[in-house]
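Dear colleague,

Please find below the structure I would like to hand over to you. My notes on it follow directly after.

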Amino acid sequence: MKETQKKRGKAKKSTAVVASPNNAIVKRSASIPARQEKGKFSEEKGVYCVRNIALAESGRELIAWAESRMPVLMSLRKEMRKTKPLKGIRIAGCLHVTKETAVLIRAFQDAGAIVSWSGCNPLSTNDAVSAALAEDGISIYAWYGCSVPDFYWSIERTLDMKPHLTLDDGCDLINTVHEKYADLVGEYIFGGTEETTTGVHRLRSRAAQGKLLYPVYAVNDAETKWDFDNVYGTGQSTLDGIIRATSVMLAGKNFVVAGYGHCGSGVAKRAAGMGASVIATEIKPTAALKATLEGHRVMTMDEAASVGDIFCTATGVKDIIRKRHFEAMKDGAIVCNTGHYDAEININELAALAKSRRTIRPNCEEFVLKGGKRIYLLAEGRLVNLAAAEGHPSEVMDMSFANQFMAHLRLVQAKKQGITLPNEVLDLPVEQDQFIATVKLKSMGLNLDELTPDQLAYINDYSHGT
Ligand code: ADE
């Protein structure tokens, strides 16, 4: 028996994987492991498990709204519907189940792929969207508020169909493949993509140790992804989440943003735009310098802890806000995270300092510390923009998901042409960025200047001077 099979227990009965008429995966096996949560679900074993299928119609309305605001992906979808370049390809996806993700899933389906999906965070699934996808024949395992064991149970169910490609946001799917299902690599899986900064970091450390088993495109690193989604998407959706969870006024508040990378700088930009006074904390000198020149104060977290009214972490690092910071905070301080994992705020240390904790409104938990001071934690320290709001707006996800879609086309094209890509974290070509940006601009009715032949000659002539 192979090592990977041993890890997941007894070797499974082999299962026939077939596409049903509506393109869902029907797994012809009775041996599906049990989910942890026993509550009420809408479920068809081997095909989907969602919270409540009755929400499907409202989910379809949300998806239609997203479709009307995602012109780049919609134009690719229209084109690929005719040629079906992904015919016969099975894709397992692990990415926030939002209305925008539904548009991506439908694009894959239109291009001929068979898809099975799970959420990539226990608090980011839109239950109406997952119901709509399930009812429309997509194999999907995702519901808001799922437990951590069920989160991984859902990921594993998407692997039951033996995918050819993986699409990840945060690296949990790829890690699951590497740790428990490595026997699928080669025979079935031949490539993947990764959506987010955190996931790309993890992949790069795996690849650096020579432990990456298949090529993965770093979608996050495409310019039309990180320079838009990470900055403007995170900026807007994080503020949206904080406001929905608290309804606090931002003007006049000291807003501490931990990490001044693309995401943190986007959050800072929008918080400042709403009248907050931004304090950035950093470990990187150039990022700190940038924050200063962009008009923000720079402090250590120890200095900022007693000054801040609202704290938002965007670092990808654990324990950014911990015991001594909570102890120094003002009464009423609000703490949240917009990074991929819930490790940035040490909630155990906050809980240990508290004499009581209770949820006072959706996604807002009050901790009363032993001296009577109150600290408010949003969305259980999970990414506030998806847990308490709807994630990034459709308009920006349009470009991120056009990149995802095109990266998968690229993987399949290479395979068909017999090109073996290295087992590395791969960059997407700049031509893809230029294509996506061009289509996006066109959809917005914006035109570009063109260089005259004379101007072209001028910029290429190294001999010009004053
Ligand atoms: N990540 C951030 N916002 C998102 C969205 N709207 N859909 C999917 N993934 C996201």
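**Backbone and ligand site**

With 21 C-beta neighbours inside 10 Å, Asn363 counts as buried. This residue sits in the loop that links β16 (354-361) to β17 (364-369). Please bear in mind that the model is predicted. Although Asn363 is not a glycine, its phi is positive, at about 65°.

A second residue with this backbone feature is Asp319, a non-glycine whose phi is near 55°. Asp319 belongs to the loop between β14 (310-313) and α13 (323-328). Asp319 is partly exposed, because 13 other C-beta atoms lie within 10 Å, a count that falls between the limit for exposed (12 or fewer) and that for buried (20 or more). As background to both cases, most residues other than glycine have a negative phi.

I turn now to the ligand. Its shell consists of Leu95, His96, Thr98, Glu100, Thr101, Gly233, Ser237, Leu386, Gly391, His392 and Met397. By class, three of the shell residues are nonpolar, seven are polar and one is charged. Two helices, α4 (99-110) and α9 (223-246), each contribute at least two residues to this shell.

With kind regards

Notes:
Residues numbered from 1 in each chain as written. Predicted model: local features only at pLDDT ≥ 70, side-chain atom pairs only at ≥ 80, totals over all residues. Helix = DSSP H or I, 4+ residues; strand = E, 2+ residues; numbered from the N terminus. Near = placed C-beta within 6 Å. Nonpolar A, V, L, I, M, F, W, Y, C, P; charged D, E, K, R; others polar.
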